[in-house]
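Let's take a walk through this structure together, chain by chain. Keep the sequence and the 3D view open as you read.

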Amino acid sequence: MTLTVNNLSVDHGAIRALNEISFTVAPGQIAAVIGANGAGKTTLLRTLSGLTHATTGQATWEGKDILGKKPENLVRSGIAHVSEGKSVIAELSVKDNLALGGIWRKDKKDVALATQEVLELFPRLQERLGQSADTLSGGERQMLAIARALISRPGLLLLDEPSLGLAPLVVAQIFQTLSQLRERLGFTLVLVEQNAMSALKIADIGIIINLGRLVASGKASDLSNDPALRAAYLGY
Amino acid sequence: MLAFISTLLIGITVGAIYSLMALSLVLVWRSTRVINFAQAGQAIFSTYVAYEVIQRTGNFILGMAAAVVVGALLGALVEVLLMRTLFKRIHSGAVAAVAPVIATLGLLGVIRASVGLIWGNDGHRFDAPVSTQAFSMGNTVIPFSRFNLLVIATAALVMIVFTVIFQKTSLGLSLRASAFAPEIARLSGIRVGSIRTIGWAFAGATGAVAGVLISPNDSLTPNSLDLLLIFGFVSAVIGGLDSLIGAVVGGLVLGIGKALILAYLGSSLDYPTAFVVLAIVLIVRPGGIFSMKRGRNA
Amino acid sequence: MLKKFFANGVRTRFIGTIACGWFLLLAADRVDPLRVYQGGIVAIYVIAIASVILLTGYSGQVSLGQGAFMAIGGFSAALSSKYWHLPFFLTLIVAVLAGALAGALLGGGAARLSGPYLAGITLALAIGLPNLANQFSFLGGEQGLDYSVGDPPLRFGMDFTTDKWFFWITGLAALITLWWTQNILMSRYGRTWRALRSNPAAAQLAGIHVGRVKVLAFTLSAGLAGLAGALLSMTLFYALPSAFPLSLSFALVTGAVLAGVTHLLGSMLGAIVLVAIPAYAELLANKLGGAERVIANLPGLMISTLLILAVLFTPNGPGEQWRTFKEKKGKKDRQTR
């Protein structure tokens, strides 16, 4: 259950979005990927979930190559990606959005069980099951998106900027929930964030990228205590 | 009053068929963002297949079934062979935006010509399975027949089947998710490509039903469904192109509107009506009567 | 002095046009009558395809109903000849104006629309308009309206055939059309159209009034189509509903795609193909036994198949393909050196 990324480069046309990135996330760890807008964080997640093609390099999950595979197949090997901007389908009801999480799974009993679990975790969603997803608040949408991913029982959860556009209190709540969930369910989490302080607080390791290059990686506490990194990239 | 009601019934009959054609256009539009003008061709081919089967077996239901199967297969085939190749090859250039439309137009031409090659351009004919004689109550005749009833019932059946599939099954959820947010659908493990093919197959089958229902007791020629395509398109636009319910309502609105105009203003306004309705809808409610959107620059 | 004269694009094109015309006139005397007739049809297609190119290739809007504008041109020319007894030349002007008016009306609506809506509305026109003509008696029903240019002037000699006369008129009209369209495209309007096509949002930000530009493109395009329609009616001696079927609109789109929708001169290639295919289709059909259904449907099958193939494999026209090939080759040559 280890995620290994080795010399990964991704091009968007003529522009190199990611340049020879390497890191390893051990099983059950939370990795926070930190960087400014346009650093290549989202590209990294999209590449790991199969939405974007890599130019060169390798990435493996549970010892198996994941580059060049389709997202719909990677989900089946336990990689769940909650993409940027509260990835829910506004035209569908909350219930249908949740159902999407388990739609590919054969074990319908466990899907029902997992759905029950996430509804206990996010009681707000239980109250709004029949509503259309576009009636939800930003925080609720983020919960729904995470809940959907959890129903697929992921081994690796890729989370893109869950704090985007949310009030600080809600952000704190979501991060706390994530931390608890990891304890309980034992998945590996790669968290992309601009909100470096909150992310590094719950993370085991930090990965700082800037303009597509790896700037620093290591224990989260070490990174957040490095005065040079704090001044240049972490912004606090 | 009786005259008004019977006009209404006729309108609903015609409108139900328009609704089916509109449904088939909307199904494709939702999954692929293409107006499939070849739908008229796929439907006419399926209808000729129904004609062949009915000719040989004398069984209307068998003919309808054959048309539905052939229509579905043809729809899937078009998506796999033509649309996939098209989207793989064309990304940029002056034509990119209009290439899909042009390709479906070319396909319409190919199918029409092929149908002409196989069955000739002269009119063919097959009979309705039940009477097309108007009902009469005592001395009053209502210009509404058993066949009209059958048309409405069949269209209603198709719509019920669709409602069940879309609202109650995981295939339906996959179809809806892929239509609204293909990327999230893929991340949820849905094989969006295959789902799109299924959408085209559904559309093909629906178009085939429309073709078989509108053709009995009329002259069947390679281009006899051209007007149905236009009326179906207008209905779909009235409904907002993205909405299945909108397509059904749009078809009924157009059908009833046309029947009223036919009854009270005369037959020469039949076709212009559709065009005027289309123009008014596009100008007054550019997003269709079911949407709040402003422009139509999809 | 001479250099300065030629540096001016407009004059270069003008001279090119005259040279072309002279060549065609000389050629018309030396080929057999059937070719002269076909040459006339080619010239009409050149105008009609140019009208599609003007719209689709340059302003990025798709019209599947160019045949409908041709019908409007044909019928208005015939009407003005029948009721107002206008001289032939003026009926052509009427055709252009009537087409342009219809185009402006549609363009006014189309300014708010694009993509599937525009395609659908123009297709509705193409299917519906001929039907409409059948229903109104003043349009002559299925028999259509008489429309004739009259006999060629006697001073051209006794052996000057009607076909040759048609060829002269259509050829001249086509040359003027190409010259005029080329100038429009090189003008300010052409530049705004191209800007609009390649990036509507940016064009709008740059202060281009999108609606007005679209209406203008539709107006000019439909005017040209109207001219082509009148000329087509002339060669048939009638303005007929059946002369403007849906397949005509298909053929024009095919011709434009074959031409490479952004290449005006490609319209000649497109037009030649459109005339050649039915001719070869007939030969082929006769070889296959000459059944009526084969003769009736083979041309349509070939043209539509060609349209699909062209969209799939040379979406920007064979010219574009050739140019990218040469560019690649040129690059390679430079690299090896």
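Among contacts in chain A between residues at least 6 apart in sequence, what percentage join residues at least 24 apart? The figure is 68%. Please keep in mind throughout that this is a predicted model.

Chain A holds 10 helices and 10 strands. Its radius of gyration is 17 Å, close to the 18 Å that the globule rule gives for 236 residues, so chain A is as compact as a globular protein of that length. Chain B has 11 helices and two strands, and along the sequence these elements come in the order α-α-α-α-β-β-α-α-α-α-α-α-α. For the 298 residues of chain B, a compact globule would have a radius of gyration near 19 Å, and the value of 19 Å found for the chain agrees with this.

The table sets the two chains side by side.

| Chain | Span along principal axes (C-alpha) | Buried residues | Contacts 24 or more apart, among those 6 or more apart |
|---|---|---|---|
| A | roughly 50 × 35 × 35 Å | 47% of 236 residues | 68% |

## A helix pair in chain B

Now have a look at helices α3 (residues 60-89) and α4 (residues 99-119) of chain B, whose axes come within 10 Å and cross at roughly 145 degrees. The crossing of α3(B) and α4(B) is right-handed. From α3(B), the contact draws on V78(B), L82(B) and L86(B), while α4(B) brings A99(B), P100(B), A103(B) and L107(B). Which classes of residue make up this contact of α3(B) with α4(B)? Seven are nonpolar, with no polar and no charged residues.

## The nonpolar core

In soluble globular proteins, nonpolar side chains tend to be buried together. Here the largest nonpolar core has 281 residues. The residues with the most contacts inside this core are A31(A), L191(A), I17(B), V46(C), I47(C) and I49(C).

## Where chain A touches chain B

At this interface, 18 residues of chain A are in contact with 15 residues of chain B. On the side of chain A, helices α2 (71-76) and α3 (94-101) each supply at least two residues. Sorted by class, the side of chain A that touches chain B has nine nonpolar, five polar and four charged residues.

## A covered helix in chain A

Is helix α1 (residues 41-48) of chain A mostly covered or mostly open? Helix α1 is mostly covered, with eight of its eight residues buried. They are K41(A), T42(A), T43(A), L44(A), L45(A), R46(A), T47(A) and L48(A), so you will find lysine and arginine side chains as well as leucines in that list of buried positions, where a residue counts as buried if 20 or more other C-beta atoms lie within 10 Å of its own. After α1(A) comes G50(A), which has a positive phi near 90 degrees.

## Loop residues worth a visit

Two residues other than glycine also have positive phi values. E62(A) has a phi near 55 degrees and sits in the loop between β4 (56-61) and β5 (64-65) of chain A. Because E62(A) has 16 C-beta neighbours inside 10 Å, it counts as partly exposed. F237(C), likewise not a glycine, has a positive phi of about 70 degrees. Its place is in the loop between α10 (210-236) and β2 (238-239) of chain C. F237(C) has 13 other C-beta atoms within 10 Å and is therefore partly exposed.

One more stop in chain C is P153(C), in the loop between β1 (145-146) and α7 (162-186). Why is P153(C) classed as exposed? P153(C) has 9 other C-beta atoms within 10 Å, and the cut-off for an exposed residue is 12 or fewer. P153(C) and W165(C) are 12 residues apart in sequence, and their C-alpha atoms are 8.9 Å apart in space.

Methods:
Residues are numbered from 1 along each chain as its sequence is written. Chains are lettered from A and ligands numbered from 1 in the order in which they are written. This is a predicted model: local features need pLDDT of at least 70, side-chain atom pairs count only at pLDDT 80 or more; totals for chains, interfaces and linings use all residues. Axes are lines fitted to C-alpha atoms, for helices over the stretch in contact, and angles run from 0 to 180 degrees between N-to-C directions. Helices (H or I, at least four residues) and strands (E, at least two) are DSSP runs, numbered from the N terminus. A crossing is left-handed if the near helix is turned anticlockwise from the far one by less than a right angle, and right-handed if clockwise. Two residues are in contact if their C-beta atoms, placed from the backbone, lie within 7 Å. Ala, Val, Leu, Ile, Met, Phe, Trp, Tyr, Cys and Pro count as nonpolar, Asp, Glu, Lys and Arg as charged, and the others, Gly among them, as polar. A nonpolar core is a set of buried Ala, Val, Leu, Ile, Met, Phe, Trp, Tyr and Cys residues joined through C-beta atoms within 7 Å. The radius of gyration is taken over C-alpha atoms; the globule rule is 2.2 Å times the number of residues to the power 0.38.
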